[in-house]
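This briefing walks through a single structural model, topic by topic. Please keep the sequence and the coordinates open while reading.

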Amino acid sequence: MAVQEQVLKAELHCHIEGAAPPALVQKIAKREEIDVSSIIDAKGQYRWSDFTTFLSAYDLASSVFRRPGDYAQLSETYFRMLAAEGAIYGEIFISPDHATSAGLSYRSYVEGLAAGLERAKADTGIEGRMIAVGVRHFGAASVERVAKEVVSNPHPLVTGFGLAGDEREGHPANFARAFRMAGEAGLGLTAHAGEFGGPESISAALDFLRVRRIGHGVRAIESTALVDRLAAERIVLEVCPGSNAALGLYPVLRFHPVNLLRRAGVRITLNSDDPPFFRTTLGREYSLTAKTFNWTQEDLRVFTRTAIEAAFCDKATKERLLAKVDNQKLG
């Protein structure tokens, strides 16, 4: 048995619309009479060629989900898959802007996702939480609207707030008010940075948004001073190696900086981002990185522990999950 198959896993960075299996998208698209043949090939895989076409495929696939029950089916499907790979915890990014596009209220959207998550938990035991995200390239006013909606409609499973979208647009200072609102409401904070933006994108997110977690963050490796800061301040990076390789940030996995960052003392977690689009899963992320960088089971257990320690969930849940990880006998 491969080393990663025995290790309990946890995930902090996955966009739920981006986790939709092509077969599920095709099924709901047929009901809604939406043509998705341009983005799903004859083998049932998503079809895209670069970042622009990936975004187009993502948007079209997301658009088929129109009802609370659709979102329940989506979240249940994903969390069952996570559990089958040995995950005991997962966080998903949810997009209120997608709910609006689908004609759903924020409350209906969240209740649908929560229903699916709870069904998966009842059957598998997996714990899950949601992080509502604003879309950076929609502008500061849009992100503030999302923050207000989330704060005004609290849900026990929505425990975080984040910033996604094109990090090359809009300085983090523009979104400081939204993050302040979310933080004052007790939500955990994270922001995408250091993927298509350089080290300065990460520094600005830390300085202006007061986050303790960074989505991606891998381009920190281009600045020794920033790497030292991340390690000293114990900032957690939500690293998505398969996604980064698929989108061309690094030509092959062995050139990915995740191991250099780990060896420099940066706190690392492994994540799948938009798994079926990048033909990956959380289990595959653990597997391929372990093989590529010769990591041990204990190395992988540290990643899982880090994810749970940084998770946006209550203390009692963290302690219970950490006990599971610590008590697991590895072969």
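Helix α7 (residues 140–152) and helix α8 (residues 176–184) pack with their axes 8 Å apart and at an angle of about 10°, where axes are lines fitted to C-alpha atoms, for helices over the stretch in contact, and angles run from 0 to 180 degrees between N-to-C directions. The model is a predicted one, in which local features need pLDDT of at least 70 and side-chain atom pairs count only at pLDDT 80 or more, while totals for chains, interfaces and linings use all residues. Residues are numbered from 1 along each chain as its sequence is written, and side-chain values use heavy atoms, with hydrogens and water left out. Helices (H or I, at least four residues) and strands (E, at least two) are DSSP runs, numbered from the N terminus.

- On the α7 side, Val-143, Glu-144, Ala-147, Lys-148 and Val-151 meet Arg-177, Ala-178, Met-181 and Ala-182 of α8, contact meaning heavy atoms within 4.5 Å.
- The residues of this contact of α7 with α8 comprise six nonpolar, no polar and three charged; Ala, Val, Leu, Ile, Met, Phe, Trp, Tyr, Cys and Pro count as nonpolar, Asp, Glu, Lys and Arg as charged, and the others, Gly among them, as polar.
- Helix α14 (residues 297–310) packs with helix α15 (residues 315–327) at an angle of about 175°, their axes being 9 Å apart, and that makes α14 roughly antiparallel to α15.
- Arg-301, Thr-304, Arg-305, Ile-308, Glu-309 and Ala-310 of α14 make this contact with Lys-318, Leu-321, Leu-322, Val-325 and Asp-326 of α15, and by class the contact of α14 with α15 holds five nonpolar, one polar and five charged residues.

**The parallel sheet**

- Eight strands, in the order β1-β2-β3-β4-β5-β6-β7-β8, form an open sheet with parallel pairing, two strands being counted as paired if DSSP finds at least two bridges between them.
- At the edges stand β1 (9–11) and β8 (267–270), each with a single partner strand, so one side of each is left without a neighbour in the sheet.
- Direction ignored, neighbouring strands of this sheet are turned by 25° against each other on average.
- Helix α13 (residues 282–293) packs on the sheet, where it touches β1, β2 (87–94) and β8, and its direction makes about 115° with that of β1.
- Strand β7 (residues 236–239) runs parallel to β8 and is joined to it by four bridges, and Val-239 stands opposite Leu-270 in β8.

**Buried positions**

- Strand β2 is mostly covered, eight of its eight residues being buried, where buried means under 20% relative accessible area, exposed over 50% and partly exposed in between (1.4 Å probe, protein chains only).
- Ala-191 is found in strand β5 (residues 188–193) and counts as buried at 1% relative accessibility.
- Leaving aside neighbours within four places in sequence, Ala-191 is in contact with residues including Leu-163, Phe-179, Ala-205, Leu-209 and Ile-214.
- In helix α9 (residues 199–209), the buried residues are Pro-199, Ser-201, Ile-202, Ala-204, Ala-205, Leu-206 and Leu-209, and their cover includes β4 (158–164), α8, β5, β6 (213–216) and α10 (224–233).
- Just after α9, Arg-210 takes a positive phi of about 60°.

**Annotated positions**

- UniProt, in an unreviewed entry, places the feature "domain: Adenosine deaminase" at residues 9–327; UniProt positions are given in the numbering used here, feature names are shortened, and annotations may be inferred rather than shown by experiment.
- Over residues 9–327 the chain is 50% helix and 14% strand, with the end C-alpha atoms 14 Å apart.
- The UniProt annotation "active site", also from an unreviewed entry, covers Glu-195, a residue in the loop between β5 and α9.
- Glu-195 counts as buried at 11% relative accessibility and, not counting residues up to four places away in sequence, touches Glu-167, His-216, Arg-219, Ser-243, Asn-244, Leu-247 and Leu-249.

Note on methods: Angles under 35 degrees count as roughly parallel, over 145 as roughly antiparallel, 65 to 115 as roughly perpendicular and the rest as oblique.
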